[in-house]
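Here is a short report on one protein model. Look over the sequence and the structure first.

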Amino acid sequence: MAIHPTSMVDPGAELAGDVEIGPWCTVGPGVRLEAGVRLVSHVVIPRDTTVGTGTVIHPFAVIGGDPQHTGYKGERVTLAIGERNTIREHCTFNRGTPQGTGETVIGSDNLFMTGAHVGHDAVVGNSITFANNATLGGHAEIGDRVFLGGLCAVHQFGRVGQGAIVGGLAAVTRDVIPYGSAWGNHAQLRGLNLIGLKRKGYDKAAIRRLLAAYRDLFESKDQSFAQRLEAVAGTYADLPEIVEIVDFIRRDTRRPLCLPEG
């Protein structure tokens, strides 16, 4: 274990034997740093936060700060971060709230670029990229392999399904379907994340079928949206991605859905 003499570590913190804590860091009570965690310098982890194996946190990040919620009165709430995350300068991650789940949860293998923010009670998956200053409101849910563009913001309770891409400066006030591409202010659905699908190894035939299902669901005007959803669920039941999109929409019908313009 290597702890710089200028850093302060609370006696109530738990540190793995090979943790590295650089200059001017603060690690508070109830913090657990697992094997291979490195705090580069000037990192603040106030309390009740777990940081998973191999995660690296860069200068001036505040990880596990109090929730920005007027109802928070100092109750014990937590932040759990998975493995092998890269958290760059000035990122801020808040713990949960008693009004929510009491815990903010972040998965593994994520890249958080400079200034990214994760609000209280949010749930963040795996292999996600937050570009500079991408922001999540409280209770947001972000699926695996999502790309959030620079300076975009996901509204509180908002959902972005796995494999989706959100453009820079987008104001996401409605849920984005899995594998969707959304951008604009306010964000609108602009199609599927074709680049992400190609990178994942989908061939042209598979992408053509996904696009056909997308058009049947979002571009047809022959039926109501609810009727089109049921039709697509039956016609494309052999496509796991379309099943996932249908399930995503059905899971919370009270949430507004990000739709194409017009």
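In which strand is V9 placed? V9 sits in strand β2, residues 8–9. Strands are DSSP runs of E with at least two residues, and helices are runs of H or I with at least four, numbered from the N terminus. V9 is partly exposed, at a relative accessible area of 30%. Buried means under 20%, exposed over 50%, and partly exposed in between (1.4 Å probe, protein chains only).

## About the model

This is a predicted model: local features need pLDDT of at least 70, side-chain atom pairs count only at pLDDT 80 or more, and totals for chains, interfaces and linings use all residues. Residues are numbered from 1 along each chain as its sequence is written, and side-chain values use heavy atoms, with hydrogens and water left out.

## Helix α3

Helix α3 spans residues 225–235. R228, L229 and V232 are buried there. Seen down the axis of α3, the buried residues fall within an arc of 105° (taken from the directions from the helix axis to the C-beta atoms), so they line one face of the helix.

Those buried residues pack against α2 (204–218) and α4 (240–251). The face turned away from the buried side carries exposed A226 and G234.

## N94 in strand β14

N94 lies in strand β14, residues 92–94. N94 is buried, with a relative accessible area of 6%. Leaving aside neighbours within four places in sequence, N94 is in contact (heavy atoms within 4.5 Å) with residues including G65, L79 and H117.
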